[in-house]
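The following note is meant for a colleague who is meeting this structure for the first time. Its points are numbered so that each may be checked against the model in turn.

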Amino acid sequence: MAVAIALSERGRGLSTPNPNVGCLIVKDGRVVGRGWTQKGGRPHAEAQALDEAMDRARGATAYVTLEPCFHLSPRGPRCADLMVRAGVRRVVIALRDPDPRTDGQGAAWLRKRGIAVEMGLMAEEAAAAMCGFVLRQTLGRPAVTLKLGLSLDGRIALSDGSSRWITGPDARAHAHLERARHDAILVGGGTLRADAPRLDVRLAGLEDRSPRRLLLSHGDAPEGWERIATPEDIAALAHVDHLLVEGGARTAAAFLRADLVDRLLLYRAPIVIGKGLAGIGDIGLTDLAEAHGRWRLSDERRLGHDRLEVYGRSRKA
């Protein structure tokens with residue numbers, strides 16, 4: 001299942017509006033098929049894995065990160081049907097599908113046709129890999145990552161606005177990889193005017209994965225950009241399940257104040273700026289106790305001379 005979850009990450013930022021699912025077909029201890037949801041949502045991970053396995057899928061075990069879909073679609077067959085037709089003997093599912101069109105029906109369909117079904121293996125990890133789809137289904141909005149490149153004292157620029165470059169090339173390359181994993185990327189009007197950012201992916205081989213460009217502003221958006229007026233407007237964005245917010249300080253504060261940030265990417269450079277521009281503006285905090293317990297460290301690593309810290313928002317069930 002861990003391998004299936006890793007495969008699902010390949011479709012992140014590409015598969016929307018469908019979830020980025022991963023699937024592995026195993027027979028007699030050997031992998032005979034693997035798949036992940038392709039660009040635009042088709043083919044599904046199960047269909048790709050079964051196509052690779054061909055007749056070796058009969059009697060095999062399928063590991064899939066999300067319950068096989070059960071609803072009818074003009075774009076392709078139901079994955080639950082494909083599993084039955086292929087003669088799969090056992091299906092191990094990480095996460096029950098929160099989409100009401102499936103939501104347990106896919107697993108029930110398989111069981112009625114004599115296929116052994118297990119559900120819940122590494123469900124938390126699978127949900128994290130498909131967080132955009134899960135949040136779209138449960139909260140009606142995309143998953144939001146806030147990215148900040150900071151000095152050790154929390155500055156994003158000098159007092160005159162100069163910000164190139166706070167972090168080094170390794171950290172900037174990682175940030176471009178993160179762009180490739182998102183459907184859309186957003187900045188505020190101040191960042192647009194000051195930096196004229198391209199917001200594209202400048203990594204060899206991934207240039208075609210540049211996300212849609214969004215502007216948080218009450219004014220007009222330039223050509224090639226889309227505008228939203230408030231952070232809450234992200235709920236209405238079509239085909240956006242993973243949103244990357246890149247700044248600036250007022251925009252970061254607006255999303256934090258609205259409690260719409262699910263993941264923090266903090267790239268810290270080993271420099272001290274002193275008087276300069278703060279990374280985040282006022283988020284409306286009036287009681288320090290309210291700041292504690294909201295964020296948990298999920299990853300940290302060195303990127304050249306810089307350090308990356310990744311935090312996830314802790315929310316009550």
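1. In this note, a residue is called buried when its relative accessible area is under 20%, exposed when it is over 50%, and partly exposed in between (1.4 Å probe, protein chains only). Helices (H or I, at least four residues) and strands (E, at least two) are DSSP runs, numbered from the N terminus. The model is a predicted one, in which local features need pLDDT of at least 70 and side-chain atom pairs count only at pLDDT 80 or more, while totals for chains, interfaces and linings use all residues. Residues are numbered from 1 along each chain as its sequence is written, and side-chain values use heavy atoms, with hydrogens and water left out.

2. Strand β11 (242–247) is mostly covered, since 6 of its 6 residues are buried. Two strands are said to pair if DSSP finds at least two bridges between them. β6 runs parallel to β11 and is joined to it by 4 bridges; here Leu 146 stands opposite Val 245. β8 also pairs with β11 in the parallel sense, over 4 bridges, and Ala 184 stands opposite Leu 243.

3. Helix α9 (249–257) has as its buried residues Thr 251, Ala 252, Ala 253, Ala 254, Phe 255 and Leu 256. These buried residues pack against β6 (143–150), β8 (184–188), β9, β11 and β14 (295–303), where contact means heavy atoms within 4.5 Å.

4. Asp 259 belongs to the loop between α9 and β12 (263–268) and is partly exposed, with a relative accessible area of 29%. Leu 199 likewise has a positive phi, near 60°, without being a glycine. Leu 199 lies in the loop between α8 (189–195) and β9 (212–216), and is buried at 2% relative accessible area.

5. One joins Thr 16 and Pro 17, with omega about 20°; Pro 17 is in the loop between α1 (2–8) and β1 (22–27). The other runs from Arg 42 to Pro 43, with omega near -5°, and Pro 43 sits in the loop between β2 (30–36) and α2 (45–53).

6. Where does UniProt place the feature "binding site"? The unreviewed entry puts it at His 44, Cys 69 and Cys 79. The three positions are spread over 36 residues of sequence, yet they cluster in space, with a largest C-alpha distance of 9.3 Å. UniProt positions follow the numbering used here, feature names are shortened, and annotations may be inferred rather than shown by experiment.

7. His 44 is located in the loop between β2 and α2 and is buried, with a relative accessible area of 11%. Apart from neighbours within four places in sequence, His 44 is in contact with Asn 18, Thr 37, Cys 69 and Cys 79. The side chains of His 44 and Asn 18 form a polar contact of 3.2 Å; such a contact is a pair of N or O atoms within 3.5 Å, and within protein one must be able to donate a hydrogen and the other to accept it, while residues adjacent in sequence count only if both atoms are side-chain atoms.

8. Cys 79 is part of helix α3 (residues 79–86) and counts as buried, at 1% relative accessibility. With neighbours within four places in sequence set aside, its contacts are His 44, Glu 46, Pro 68 and Cys 69.
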